[in-house]
Amino acid sequence: MLDSSAFYAGIPFSSNEPSYITPLVYNEIEHIKKDHDAIRILIETKRLTVNEPEDRFVTTAIDAAKKSGDFSNLSDEDVSTIALSLQLGAELVTDDFAVSNVAKNLNIKVIPVMTSGIKNVITWKYYCPGCKVNFSKVTVCPRCGNKLKRKAIKNDYVS
């Protein structure tokens, strides 16, 4: 399972392993090597398959992202990638921290592209820096109007 960062790193172009992406990721990366029709050739040679994740897996990915506090940092493409990886039981190739954190919370194996990957699974807590009150679903403090910040409240070592 690949996210867009894998394409920017050139991974599917140098590998013969079959890979999967969602239609949203396809729309995001279709311009890469367009002059050479590289993406189309990957699809025609069955080295790349475009699949839409089932709704129930999208819901599971969204719920996990909300629970970990990463939801506001994920795009629709990110959610669809996590969902399809979960649906297929596939490893996920990404350098995106929020994607990695949600995936690891769902017990999806994450393979980093150009980084060392995340070392800890984190759940984020949102708090007001002005009045020090914790919140979970708002971005602005309803008491004083400050924009909320976030901090990690759970650090589990990832092997």
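Helix α4 (residues 55-68) packs against helix α6 (residues 97-105) at an angle of about 105°, and their axes lie 9 Å apart. This arrangement makes α4 roughly perpendicular to α6. Angles of 65 to 115 degrees count as roughly perpendicular, those under 35 as roughly parallel, those over 145 as roughly antiparallel and the rest as oblique. Axes are lines fitted to C-alpha atoms, for helices over the stretch in contact, and angles run from 0 to 180 degrees between N-to-C directions. Helices (H or I, at least four residues) and strands (E, at least two) are DSSP runs, numbered from the N terminus. The model is predicted: local features need pLDDT of at least 70, side-chain atom pairs count only at pLDDT 80 or more, and totals for chains, interfaces and linings use all residues. Residues are numbered from 1 along each chain as its sequence is written, and side-chain values use heavy atoms, with hydrogens and water left out.

On the α4 side, the contact (heavy atoms within 4.5 Å) involves Ala61, Ala64, Ala65 and Ser68. These meet Asn101, Val102 and Asn105 of α6. By class, the contact of α4 with α6 has four nonpolar, three polar and no charged residues. Here Ala, Val, Leu, Ile, Met, Phe, Trp, Tyr, Cys and Pro count as nonpolar, Asp, Glu, Lys and Arg as charged, and the others, Gly among them, as polar.

Charged pairs were examined next. A salt bridge is a side-chain nitrogen of Lys or Arg within 4 Å of a carboxyl oxygen of Asp or Glu. The count by this rule is four. Asp37 and Arg40 form one of them, at 3.2 Å from N to O. Both belong to a network of salt bridges that links Asp37, Arg40 and Glu44. Asp37 is partly exposed, at 35% relative accessible area. Arg40 is also partly exposed, at 38%. The classes are buried (under 20% relative accessible area), exposed (over 50%) and partly exposed (in between), with a 1.4 Å probe and protein chains only.

Glu54 pairs with Arg56 in a salt bridge, with the closest N and O atoms 3.1 Å apart. Glu54 is partly exposed at 37%, whereas Arg56 is exposed at 56%.

Glu91 and Lys109 form a further salt bridge, their closest N and O atoms being 3.6 Å apart. Glu91 sits in the loop between α5 (76-88) and β3 (92-93), and Lys109 in the loop between α6 and β4 (110-111), so the pair ties together parts 18 residues apart in sequence. Glu91 is partly exposed at 38%. Lys109 is exposed, at 54%.
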